[in-house]
Amino acid sequence: MNLLGKHVILHDMCLRDGMHPKQHQISIEQMVNISGALDQAGVPLIEVTHGDGLGGASLNYGFAAHTDEEYMTAVVNTVKRAKISALLLPGIGTVDHLRMAAECGVTTIRVATHCTEANVSRQHINLSEQMGLDTVGFLMMAHMVTPEQLLEQGKLMESYGANCIYCTDSAGYMLPDDVTARIALLRSELHKDTQIGFHGHHNLAMGVANSLAALDAGADRIDGSAAGLGAGAGNTPLEVMAAVLDRMGATTGIDIFMLMDAAEEQVIPIMDEPVRLSRDALVLGYAGAYSSFLLFAKRAELKYGVPSHQILLEMARRRTVGGQEDLIEDIAIEMAAAGKY
Amino acid sequence: MKKKLRAVIIGPGNIGTDLLMKALRSDWIEPVWMVGIDESPGIQRARDYGLKVSTNGVDDMLNFIEEDKIKIAFDATSAYVHAENSQKLTARGVTMIDLTPAAIGPYCVPPVNLDQLLKEGHQGNVNMVTCGGQATIPLVAAVSRVQAVSYAEIVATVASESVGMGTRDNIDEFTRTTSSAIESVGGAGKGKAIIIINPAEPPLVMRDTVHCLTVDTPDQPAITASFQKMITEVQRYVPGYVMLNTPIFNDNRVTISVQVEGLGDFLPKYSGNLDIMTAAGLRTAEMLAQQPT
């Protein structure tokens, strides 16, 4: 694989996807410290939102320690070079949230839908594009469809005004060939000015390998998370990705040692428990379930005695999509009553 | 028994046709006209059932309102054209039941506030909120009639096949309208609505979760009984409305999940989200028909 001289945009997730393992309780001070360190290391793009995107604060997904507005404002006021992004899932957040994020100084809006439901994103992508924001269409659980189906959905988002389309491996299920097939088709069929991105989860320890496959197939942006802080086994560890790219001669504009420091000194200490490839996380990746289901399944295990990995297997078997956290407790009750697990 | 109230259905699409199937069985409502804007399978179907049809919008049937004694109109078109339809028909004394998201008239969730609306004499235009609203607001109200609810949140999970382009083009309208009705009809201090669309095959049956935060410690037996009573009320017009597991109490948080299976009149059974709209619209008309005059 030759990535020599290739410019790669690395996008940090630890203050958004990392909200999942933190149960959305990252403090403003921690946000400021982490974003400040990432900014100094030269990370060009940092995502800050509730784990489930703008408006995600809820009984269903968890209330955050602060509002999205407070988090985004604090981070925007901290960074000197980095741009700040926000995630928005239509059906959870609305265009009102989008306008609020832009007012806070967010300049990248990532509109996320399940990989078959791109046409619910029209109004949000339209507005973001009209507001002159960097507008990303983010197709989640992309392993559940063929590359051709993913392309069709990516084209819809592109037609609404997205200037970048993501193949999002929300379950950490993909293997490098799966990534290559999807990214290569997006790259060959979308407009040449449309950027392509890949968002990985490390549930099969494929974060870095999959991200390299994406770059080799033509991706421009790669999501990762300092120290891997993210749902499931976490995201592609950003400092590892940056170091690998440095070894391969790709350019990221990042000082890899400063990024290592940020991960080690700022992110690791805030973890409630190590983000690692636990049995639950492995099951997510092996069977293909949405990574943020993990803690919900663990809580259901504590309450109903059904092993969390069995609940996650059942969530995958039912072909659930992102956001269906409310089903987890029901499944645990059913499995406990049936005594089958 | 009173004579049936005669009705027009505007919009011969999936919703209008499903409503027609239900209305044809009604003891209280007689569908007389189907209004479309062009020839379509829905118009032909209505003709086959013996209805008069217009393929030129409501204007072609306005002159027949008195002759055909039309008292009720169901609008299953879109928010954009509803306002004009409503104005033309209500001016002629027809009660408009709005199945679009236009929400010109007050929200109506039959087992929760229809009695109140009838008492207050709202005869002009009532709005049926959203599918998620019809499925969940009865449950919010079941808690708020027992004790104060500071916050209520609903999560509607629906099959991709059952979500039309109207909803998809403006999904924020679902979120806003449902949230607002959770407060004004459901009685929660603050409301929030979430919709999740799942493309699994075979399509999943509509599923709704309602979370409420009560101001004081929840009175578990009273709330559980209130849920059961409310579910029985909804089952009068949506027999496939059933509770999944038992209510979950966690400090001041009350959670209940229901499944909504439709009757499968014209729409597939899994699309309980659409069935509950047409059934609630018809139920509203039937309650109107049963009013003493």
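Among contacts in chain B between residues at least 6 apart in sequence, what percentage join residues at least 24 apart? Keep that question in mind as you read; point 2 comes back to it.

1. **A word before we start.** What you have above is a predicted model.

2. **Contacts in chain B.** Here is the reply to the opening question: 69% of the contacts in chain B between residues at least 6 apart in sequence join residues at least 24 apart.

3. **The build of chain B.** The C-alpha trace of chain B spans about 60 × 45 × 30 Å along its principal axes.

4. **Where chain B meets chain A.** Now turn the model to see both chains. On one side are 26 residues of chain B, in contact with 23 residues of chain A. Several elements of chain B each supply at least two residues to the side that touches chain A, among them helix 7 (165–169), helix 8 (171–184) and strand 10 (240–250). Strand 8 of chain B gives the most to this side, with six residues. By class, the side of chain B that touches chain A has ten nonpolar, nine polar and seven charged residues.

5. **Strand 5 of chain A.** Next, find residues 134–140 of chain A, which form strand 5. This strand is mostly covered, with six of its seven residues buried.

6. **Its partner, strand 4.** Strand 5 of chain A pairs with strand 4 (residues 108–114) of chain A in the parallel sense, over seven bridges. Within this pairing, Phe138(A) in strand 5 has Ala112(A) standing opposite. To get from strand 4 to strand 5, the chain passes through helix 4 (residues 122–130) of chain A, making a right-handed β-α-β crossover.

7. **Its partner, strand 6.** Strand 5 of chain A also pairs in the parallel sense with strand 6 (residues 164–168) of chain A, over four bridges. Look for Cys167(A) in strand 6, the bridge partner of Leu139(A). The path from strand 5 to strand 6 leads through helix 5 (residues 147–160) of chain A, and this β-α-β crossover is right-handed.

Terms used:
Residues numbered from 1 in each chain as written. Chains lettered and ligands numbered in written order. Predicted model: local features only at pLDDT ≥ 70, side-chain atom pairs only at ≥ 80, totals over all residues. Buried ≥ 20, exposed ≤ 12 C-beta atoms within 10 Å, placed from the backbone. Pairing = 2+ DSSP bridges. Right-handed = clockwise from strand over helix to strand, strands pointing away. Contact = placed C-beta atoms within 7 Å. Nonpolar A, V, L, I, M, F, W, Y, C, P; charged D, E, K, R; others polar.
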